[in-house]
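Here are a few notes to read alongside the model.

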Amino acid sequence: MPETTATKSPRDQKNGATVEPIAIVGIGCRFAGGIDSPDALWDLLESGGDAVSEVPPERWDVNDVYDPQPGVLGRTVSRWGGFLDNIGGFDTAAFGITEYEAEAMDPQHRMLTQMAWEALEHAGIAPGSLMGSQTGVFVGLAHHDYLLRTFDDSLVDNPYVMTGNAHSVGAGRISYLLGLHGPSVAVDTACSSGLLSVHLGCQSLRTGESDLVLAGAAMLQLGPEVGVLFSQWSMLSPNGRCAAFDAAADGFVRSEGCAVVALKRFDDAVRDGNRVLAVIRGSAANSDGRSDNIVVPSATAQEAVQRSALRVAGVDPSAVELVEAHGPGTPTGDPVEFRALSAVYGAGDKPCALGSVKTNIGHTESVSGVAGLIKAVMSLRHKKIPGNLHFNEWNPDISPDGTRLYVPTGLREWSADGSQRLASVSSYGFSGTNVHVILEEAADTSPDAARALERKLERETLPILLSGSTPQALAETAHRVAEWLTHEGSSAPLADIGHTLSRGREHRTERLVALASSRAELIDQLTAAAAANPAQGVVRGTASGHSGAPVWVFSGQGSQWAGMGRTLMSTEPAFAAMIDELEPLIVREAGFSVRAELVADDVVAGIEKIQPTIFAVQVALAAAWRSRGVEPAAVIGHSLGETAASVVAGALTLDDGVKVICRRSQLVTRLAGGGAMATIELPHHEVAAELAAADIEDVTVAVIVSPGSTVVAGNPARVAELIAGWEARDLHARRIAVDYASHSPHVDSILDDLAEQLEDLTPATATVQVYSTVLEDPKKPASFDSTYWVNNLRRPVRFADAVTAAVLDGHRVFVELSPHPLLTYAISETATSIGRTATAMGTLRRDGDQSAGLLPQLSDLRCSGVPVDWERAYPQGNLVDVPLPVWAGADLGVLALQVTKPGAWVDAHPLLGVHIGPVDTEDEHTWQVTIGGRDLRYLDDHRVHDQSVLPGAAYCEMGLTAATTIFGGDLSDIEVTDLAIHEMLHLRADTVMSSRARPGADGGVRFEVLTRSD
């Protein structure tokens, strides 16, 4: 699906690269601010948007943990963050996962699974097409919020907790669901996890262990605990913003996100016609090793990893014009990072921008490197450099003088001097792992062949496919696509839209096909579908879980009508081509023009013409279906229809099929007027019993149509008597419009001649399974020689047996290939009789509209779940960014958000500790806490003789809190009337402090703080 691919490998264009270039072909992402695609992220960046907000109340009450005073135990200086919408939603139906299992899954796993699908569909790769492929999965996960906040006795009862929370299964589940055989790896290097996953994915591609890679990361903050810990390290910004490289930088703000990129070897992407979003020229990873502190970055290590990535990429650092920095906005980290960047990228003639997507969306931690990568990719594609937010002046510890580095504060055009634009991306983890990636823009091409096809298809009615997991999701998808067609997609060619939706998307259970010949028509159709209103040319349906390739059924005589092939000759080229091929063969055998009969105003007459004409229509319809991308799983032929079935299955050549049908029908003309046939709504064994009981020998069972329907054949007068008798019993019976009695002794006189005339047949082994209606065992391989065709005319047609065998073999969709359906009801009835449900549909209908050829019927098949090779409809085309399907499924919720006091979190005052209430109203209240200056750093400043001491104000705070606990009143109603400190309380490591209080008779409270000195 080429749109922007390079015509020549960057490896061939650039000298000095030591590694194979890797193409980024797809992106799926979610970030704060409602960002649900790379385009939505670009819109935010281009407009200078800020996605950070205060903590939503549905996550946690920020006032419970917020304190502007740094260092307060159990508190954070930040009340801000970047938060995703609807993190509890998960489309269980799309993945075949039960709600019970999904509820135990870490929502990070749920998001990764959906983003992996989106990355593939954004790349124009249907996820299901990767089954059994060497596709690797590398994901970064660094937090266990879900498990830590919910692991209690009730959750242990759910066995899916183990697989639902193990980081390894975050990657493994994607590989499992898609049936992937490449490496499946979960990575945790803190904030560099995501970009390290990309680096490892590139290595896996280059070694050949993977042919495609999904790499990404996820991060959700389900409670305040980790943020509180970061605040204790003075990492968080009290202002709630990442002010990268700015003098006001005071820490970062935590944000959520999930992003996955699809990667392929560049040459493979070009070969496969993939759209290339950007090219990874090289990447590298290393560790800080021994630095000043385990969480303090190393400029030396960062410089080394940058030079290593540039070296393997064969890129001169002076050619890079955008560095998407780690840039968290910490007063310590920013100067360290700048020293490394200036050493590597500082020299050169062209200015080089220092970007940081964190200034827009916050620090997404394990996802941050992939977020920066996506920003760089979109900057290359749009040829623009977005501005950083929150930058006014350089950090005083940063010296940009003498370098070409600058911080952009507004959107800038990115001009080029004829060479490909280059960018780099950095990501560093506080564990010490550093990653650097070199990116190059992808070259544009104009695929002339695709454009020519597009112009051709734009004049035709095209099938436009949509799907969803539920009817509501499908309706929402239709609405999104209609809106896109009106706005962003207003110039996208209809043929490219159809190509993208048919060949580059997974087809979910609820399906829709819009048959459109113009953009305006398509918009109207989808708008109606979104509102659940009917519309001309729109087909809807639900794919059966048992659906697969259909069984093609070829019925017998009686489906003919005047002009039954007239329109198809012009709307279905394959149909017309097959008629042209049959024409001389039928003229040779039967002496008439089948083409003339198909377009005539009168109904074809005479057995010698009727049967060859029906045969011709059936074989031509099979050719038309195949040209539309539908192949049969098996075939069943009813009476004369078995001739077409044997040809379609490959057991007879087309020439031999013509011989059988023409010579058979010519011999049958000898019997004209001597027999009759009738259908009766009774089981065949009851009919046979009635005939035997009445000693009737000149009428026999001719066709076992279904468990409740039988055809008899024989003497015309006797058949008429039987019909009258059955009707008198209020049974449905009718005479069939033929004047001979096939499948009965009435044809015995012509059997020897038929055998002789068919001795020259050269049958072969069928390539498609045939369920015989002649043999007692319908699954037994048939010979299709002259003897078989004699039996086909003489023996009863065991149609119900053949259908039963097919249904029991798992087939659930049956398509009748005939001018008009005769057997669809019988098929459904037969399936129901054995406790199964089957879909049976016709191909054509008498006097039906054929102006769109088989497209309406093809749409019905697709909506019922039949696989269609859409390459037949769209052999070429360009990938366009039609909105992806809306994810469905009820909001499963996030159990962790319902845990008000998670895990080890105890309702405790930071100075008093845990409260133990009295046994009765007369008993005392007690508290106990383990405290130390290293835990409460604000107490560490209160020293006597260089020893941390609990201050007097702390005793007052403790006493007042104890009194409010006992009285339950407002703090303004309580006062301290006396305070006595008998001895200083020295704060050492793990000081255990006990407090007690008892209500006094005077309405007061006596409060004491005690500790022991060992």
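1. First, a term: on a 1 Å grid over the protein atoms alone, a pocket is an open set of points where a 1.4 Å probe fits, with protein on both sides within 12 Å along at least five of seven lines, and its lining residues have an atom within 4 Å of a point. A volume is the space filled by probe spheres set on the points. This is a predicted model, in which local features need pLDDT of at least 70, while linings use all residues. Residues are numbered from 1 along each chain as its sequence is written.

2. The second largest pocket holds about 1,300 Å³ of space. Its lining has 40 residues, and Y955, A980, F1007, E1008 and V1009 lie nearest the centre. Helix α35 (952-967) and strands β33 (991-999) and β34 (1005-1010) each supply at least two of the lining residues; helices (H or I, at least four residues) and strands (E, at least two) are DSSP runs.

3. Now the sheet: β16, β17 and β18 form, in that order, an open antiparallel sheet of 3 strands, where pairing takes at least two DSSP bridges. β16 and β17 (residues 510-516) share 7 bridges, and L466 has L512 as its bridge partner in β17.

4. Two helices are worth a look. Helix α19 (residues 494-503) lies across β16 and β17, at about 40° to β16; angles run from 0 to 180 degrees between N-to-C directions, and contact means heavy atoms within 4.5 Å. Helix α33 (residues 855-864) lies across β16, β17 and β18, at about 165° to β17.

Technical notes: This is a predicted model: local features need pLDDT of at least 70, side-chain atom pairs count only at pLDDT 80 or more; totals for chains, interfaces and linings use all residues. Side-chain values use heavy atoms; hydrogens and water are left out.
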